[in-house]
Amino acid sequence: MITKIRLQNWKSFKDSILYIDSLGILIGTNASGKSNVLDAFAFLRAVGEGKSLLDAIQMVRGGEDWIIRRGNNSFRVSVEIEEDGKVYIVDLGVQKNGTSFQYGECLIHMKDDVSYLDSVPRKFSDSAHGIVWKVYGLPASLELLPFIYQNFRNVFILDPVPAKMRDYCKVSKDLKSDGSNTAGVLCALNPDEKERVENLLSNYVRPLPERDINKVTSVPIGLNKSDAMLYCYEDWNPEQPVDARGMSDGTLRFTAIVVALLTAKPHSLLLIEEVDNGLHPSRAKELVDMLRELSHKRQVDVLCTTHNPVLLDELGNRMIPFVSYVTRDEEGNSHVNLLEDKANLAKLMASGSMGSMMINDRI
């Protein structure tokens, strides 16, 4: 799984590193560069899916015009991938010549192996992707590149859009990034697995509204049962189900997040934009507890962005090592910073919580 990403001349970043943990939080003011970090993961996923370089670039917000930091003609995205106690460095370089883009120097080597700089690399020519990989200190193996690309594909960015979750959707195995086919993903599970997942989902969703939700389920719809719709049963009227059209935005977003965690492949990375969007602040505890529990049980790393001080307070001080914040310097360059490395952190925390630090613009 990916444990670290380094961005060089990527969008607003000159050179910065983000560490990935079981549950990480990324905060920052508007236009600080948080979304630019997620864009880098979207680029890697597109590469892993076999998209051409131009198509992968166009998956990123701003596309060709904004993917390289102003004043430069190349960028690098490097990741650390940990597997069976080994840590691989995968360094992907891209150059712009005139109006065209092409892969530059792309490297793979083991972490802490400084000898690779003086050794002769083995070359893997990946004509399907248009990449010539230089591999240092590793045996030639046809399994190496599929392993790398699988880790890229194991990245999933989720930003549920409740308005798109209210209608019928096709039964399908893969969850869409906007959560619009959440009901279809549940209906695609075999009956036993569907019952297990829906029971867990119901347990997590139950305390969200003012009156408890007894059950959340997905029902196949249509003559061929090829479509699906979400329903929930509430204490208000336990005999009358409410379909997705009558469910709140917060409940729908929360449902999509839980389903993503319950159906994600182990050792994948789930990125959630504005994780608490639509949820009442009083439900921050339920959200944090769910993220902690499922990320651990499912062995899925989770990175969330948020602007909610209540959520930060609910995380508690023991989560400080797993909180990063993004800032921009006077030249407009973005930087990812570890909260635990912030100067005078102990003094700041003595005068208030993480949430108050955010409100007072101290992080």
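Visitor: In which strand is the place of valine 242?

Guide: The model shown here is predicted. Valine 242 belongs to a run of residues 242-243. That run is strand 14.

Visitor: Which residues is valine 242 in contact with, leaving aside its neighbours within four places in sequence?

Guide: Tyrosine 231 is 11 residues from valine 242 along the chain, yet their C-alpha atoms are separated by 5.4 Å. Tyrosine 231 is also one of the contacts of valine 242.

Visitor: How are the rings of tryptophan 10 and phenylalanine 75 arranged, stacked or edge-to-face?

Guide: The structure holds five aromatic pairs. In the pair of tryptophan 10 and phenylalanine 75, the ring centres are 5.1 Å apart and the planes are at 80 degrees. An angle over 60 degrees counts as edge-to-face. The pair is therefore edge-to-face.

Visitor: How many residues apart in sequence are the parts that this pair of tryptophan 10 and phenylalanine 75 ties together?

Guide: Tryptophan 10 lies in strand 1 (residues 2-10), and phenylalanine 75 lies in strand 4 (residues 74-83). Both residues are buried. Because the two lie in these two strands, the pair ties together parts whose separation in sequence is 65 residues.

Visitor: Which residues do ring pairs link into a cluster?

Guide: Tryptophan 10 and phenylalanine 75 are among the members. Phenylalanine 43 also belongs to the cluster. The cluster is Trp10, Phe43 and Phe75.

Visitor: How many disulfides does the structure hold?

Guide: A disulfide needs two cysteine sulfur atoms within 2.5 Å. The sulfur of cysteine 187 is 7.7 Å from the closest cysteine sulfur, in cysteine 169, so the two are too far apart for a bond. For cysteine 232, the nearest cysteine sulfur is that of cysteine 187, 15 Å away. The number of disulfides in the structure is zero.

Visitor: Is cysteine 232 buried or exposed?

Guide: Its relative accessible area is 1%. Buried means under 20%. Cysteine 232 is therefore buried.

Visitor: What is the phi of histidine 267, about how many degrees?

Guide: Most residues other than glycine have a negative phi. Histidine 267, in the loop between helix 8 (249-263) and strand 15 (269-272), is not a glycine, although its phi is positive. The value is about 70 degrees.

Visitor: Where does glutamate 274 lie?

Guide: Glutamate 274 is a residue other than glycine with a positive phi, near 45 degrees. At 24% relative accessibility, glutamate 274 counts as partly exposed. Its place is the loop between strand 15 and helix 9 (284-298).

Technical notes:
Residues are numbered from 1 along each chain as its sequence is written. This is a predicted model: local features need pLDDT of at least 70, side-chain atom pairs count only at pLDDT 80 or more; totals for chains, interfaces and linings use all residues. Side-chain values use heavy atoms; hydrogens and water are left out. Helices (H or I, at least four residues) and strands (E, at least two) are DSSP runs, numbered from the N terminus. Contact means heavy atoms within 4.5 Å. Rings of Phe, Tyr and Trp (its six-membered ring) pair if their centres lie within 6.5 Å; planes under 30 degrees apart count as stacked, over 60 as edge-to-face and the rest as tilted. Buried means under 20% relative accessible area, exposed over 50%, partly exposed in between (1.4 Å probe, protein chains only).
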